[in-house]
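Reader: I have a model open and some questions to get through. Can we start with the strands and then move on?

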Amino acid sequence: MDALMLSRLQFAAATAFHFIFVPLTLGLSVLIACMETAFVRTGKEVYRRMAQFWGKLFLVNFALGVVTGITLEFQFGTNWAGYSAYVGDIFGSLLAIEATAAFFLESTFIGVWHFGWNRLSPRAHMIAAWCVAGASNLSAVWIIIANGFMQNPLGYVLRNGRAELDDFMAVVTNPFAWQQFMHTILGGFCVAAFFVLGISAWHLYRKSEADFFGRSFRLGATLAVVASVLIATQGHWHGNHVAELQPAKLAAMESHWETQKGAPMYLLQIPGEDGNKLEALPIPGLLSLLAFNDPGAEVVGLNDIPEDQRPPVVITFLSFRGMVGIGTVMILLAGFAWLRRNNIENYPWFLKILPFAIPLPYLAMQFGWAVAEVGRQPWIVYGLMKTSQAVSRVTAGQVAFSLIVMSALYTLLGIAGIWLMVRIAKQGPVEGH
Amino acid sequence: MESTHMILATVWFLLWGVLWAVYFILDGFDLGVGTLMPFLAKNEADKRMMYNTTGPFWDGNEVWLISAGGVTFAAFPLAYAQMFSGLYTALMLLLFSLILRGVSFELRSKVDSDGWKKIWDACQFLGSLLPSVLLGVAFANIFQGLPLDETGLNQANLFQLLNPYGLAGGVLFTAMFVTHGALWLAIRATGEIRERGINVATRMWPALVVLTVLFLAYSAVATQLFGNYFKNPLLFAVLFIPVGGLVLMRVYMGAAKWWFAWGASCAYIGGTALFGVIGLFPAIIPSNPNPGNSLTIMNSASSPLTLKIMLGVALVFVPIVILYQIWAYKTFAHPVKDEDMLY
C-alpha cells in the first residue's frame, strides 16, 4: 500500500476511535450539569451523588477523547501536508479558534471540576460543570464548521495557489455545517441518554439504589425521547441539504444510478460499485420525495457522475441504512422507556434489554460519519481538492510504522478504558472518588 | 509582501513564539514532575502526592501545545505542513507519549492493583521524559535549520535529528523541566516529597547554569541564532530574561521563597524560548544548508484577512483564558492535603 492509502486508513481509524468517546462527552456533560443544578436548587444529596457517579465515568471517557483528539490535529500536518498548505488559511484558523475559545475552557474547568468538590461552593462547582458542558459543545461547533468547509466550501477565493479566506461570516454561517452540527450534537445526546438508560436499567433490574437510578433513568428517558425524535426529523432536512449540495453523495447513499424524475426507492436492493446487482419492489417517487420533498423531482444518478468523482458506493449505501435503521430502533426504545419511566421496575424484560442498547447510538454515529466522510470522496474539500492531492510526501514505511503503533496503542487503550467504565458502572455509586 | 501584511505576520510570529514559551513554562513543570516520579517516589503515598501536585492543571497546560500547534497551522500553514510532515516520526513519538501520559492520570487511580498501577506509572514517566527530550531535539533542529530543498520537501528522518546539537537541546529541555518540576514540588507537595523536590532543585541549579552556557556557546557555533542580535545589539537585552531568571532562581531558593523561585524558573524557560525565536526571525524553519529554501513569515503566512480575524479572536479570548487559568491556579495553589488526593 502507498502512503495515500495508509494515511486514509490511519485517518479513518483515528477519527473513528476519537468518535467513540467524543459523543458521550457532548451529552453526558450536559446531563451532569443538570444534576448539579438540581442539587443546588433542591439541596437533595442524591443529585450530588448522581453528578459524582456519572462524573467518574465522564472523566475516564473524557481522558480518552482528549488524547485521541490531539492525534487528529497532528495528522493534518503529518499526513496531509498538501491539504494543510492548501486550505490552512481557513481550516487552520478554525482549529486555532476552537483551541482558544473552547478547548482551553473545557480542559481548565475539567480540572477545576474534578478537584473542586471540597474547594468550591456547590454553586461555583455547578458553574464549573456548565463551563465544561458548554465548552465541549462549543468545541463541536468549531470543529464541525471546519468540517463543513470540507463538505461545502464557502467564503474563500483561490489566490497564491491556495484557498484563502474571503468572507469569514460565510464560513461561520455555512448552512451545511450547522445542519451537520445539529445532527452531531443530537447524536451525542442520544449516546449519553442511552448510556445513562442502559446503566440505570442494569441497576434497577438488580434493585440496587432504586431512588438514585430511578431519577437517572427518568432523566435519561426524557433526553432519549427528545433527542432521538429530533435527530430523525432534523436528519431529513440534512438529507435535503446533501441532495442539493452533494448529489454524488446522495446517489451513493441510495446506490441510485439512472438520473430520473420521480425516482423510486427499492425495498430490495443490492448495491455494487458499477450498478445495482439487484433492484426489486420499487416504491415510485419515494426517493425524489425524501430527497427534495417533491415526488416528481429529478435525482441525479451515479451514471451521470464521472467515474473518478464517485464515492465508494457500497460503504456509503450500507452505512446510511445502518444509521437510519438503528435510529428507528432507538426511537422505539426511547419512546417505551419514556412512557413507562415512572413504573419501569414493572417491566424487568425491558430493563434487561436496555444495557444491550448502549452500543446502538454509538454505531449509528460511526455509520453517520462514514456516510459524511466516505460519501465525500474522492474529494477532501468538496469540488475543490481531491484527497489524493492532499497527502504528505512521506514514505509509506513511516506511515505504516505509525499506523501499526497507533492501532496497537488504541486497541489497548480502548480495551482498558471500556473495561474500566464497565467496572465503574457496575460498581454503582460509592462514596469518595 | 505589502507592509500591513508584513506587520500582521510579524505580530503573529511573535505571538507564535510567546505561545510556545508559555507552553514550555506551563507543561514544563508537570512534565518535570512526571520525569522525577520514579526517582523521588519511594512508595504509593509518595506517588499519589506527586500525581496530585499537578492533577488539577496538566490538562489545561497541555492545551497551550494544541494552541501553539493550531496557531502554526492557522498563521503559517506552509510551515505547519512542512514541520509536521518533515518531523513525521519524531512527532508521532511525541504524540504517542502524550497519549499514554494523558490517560495515565485518569486510569491509574481507578483500579486498586499493583500491576495496573505499575503500567500507568511507566506511561507517566516515559510520557513525561520523552516529550521533554523530543521537544528539545525538535527545537534545536529548527534553530539549526532543517534540510529543505527547493520543493520544500523535508527529508529529515529521526536519526538525522539526533545530531549532537539536537541532543544538546534535548538535554537542556529535560534539565529545565526537571528543575521546574522540582520547584513545583517545593510549592505544592508536603512531607518528604517536598524535601526531595527542594534537594533536586538545589542540586540541579549549577548543572543548569553550565548547560545553559554550553548551549549558548554551541548555538553560536552551530546556528545562525545570534545573527539578529549582532545586527541589532539592543536585542541582547532579551537575554536578561533567561539569565536574570536563572540568577533569581538561586537567590529565591536560598531564601526558601519557593513561589518566587518557581516564577524565576518560568522567566528562565520563557526567556530561553524567546531568545531562540527572536534569533530565528524572519524564518520559522530555516533551511540548512540552503538558506534560500527557508520557510519564512513572508512565504508561509496566511492571508491578511485570516491574520486579522485571528488577531481579533486572540485579543478577546487569550486574556480571558489567562484570567481563568490564574484563578484555577489560585484555587489549587495550596499544599496538597489528604482530601486533595483524588488520583
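Reader: Which residue stands opposite A:Val157 in strand 2 of chain A?

Author: This is a predicted model. In it, A:Glu164 stands opposite A:Val157.

Reader: In what sense do strand 1 and strand 2 of chain A pair, and over how many bridges?

Author: They pair in the antiparallel sense, over four bridges. Strand 1 covers residues 156-159 and strand 2 covers residues 162-165.

Reader: How many residues lie between them in the hairpin?

Author: Two residues lie between the strands of the hairpin. A:Asn160 is in the turn and has a positive phi of about 50 degrees.

Reader: Switching to the interface. How many residues does the contact take from chain A and from chain B?

Author: Chain A contributes 70 residues and chain B contributes 65 residues. About 6000 Å² is buried between the two chains, and carbon and sulfur atoms give 76% of that area.

Reader: What is the count of salt bridges between chain A and chain B?

Author: Two salt bridges. One of them joins A:Arg119 to B:Asp340, with the closest N and O atoms 3.5 Å apart.

Reader: Which elements give two or more residues to the side of chain A that touches chain B?

Author: Helix 2 (45-78), helix 3 (81-115), strand 2 and helix 14 (396-427) of chain A. Helix 3 gives the most, with 25 residues. By class, that side of chain A has 40 nonpolar, 20 polar and ten charged residues.

Reader: Now chain B. Is B:Asp30 buried or exposed?

Author: B:Asp30 has a relative accessible area of 1%, so it counts as buried; the cut-off for buried is under 20%. B:Asp30 is found in helix 1 of chain B, residues 3-40.

Reader: What does B:Asp30 touch, not counting residues up to four places away in sequence?

Author: B:Thr54, B:Trp58, B:Asn61, B:Arg101 and B:Ser128.

Reader: And B:Leu274, where is its place?

Author: B:Leu274 is in helix 12 of chain B, residues 258-280.

Reader: What is B:Leu274 in contact with, leaving aside neighbours within four places in sequence?

Author: B:Gly17, B:Val18 and B:Tyr229. As for B:Pro242, 32 residues apart from B:Leu274 along the chain, the C-alpha atoms of the two are separated by 9.0 Å.

Technical notes:
Residues numbered from 1 in each chain as written. Chains lettered and ligands numbered in written order. Predicted model: local features only at pLDDT ≥ 70, side-chain atom pairs only at ≥ 80, totals over all residues. Heavy atoms only, no water. Pairing = 2+ DSSP bridges. Contact = heavy atoms within 4.5 Å. Buried area = accessible area lost by both parts, 1.4 Å probe. Salt bridge = Lys/Arg side-chain N within 4 Å of Asp/Glu carboxyl O. Nonpolar A, V, L, I, M, F, W, Y, C, P; charged D, E, K, R; others polar. Buried < 20%, exposed > 50% of the residue type's maximum accessible area, 1.4 Å probe, protein only.
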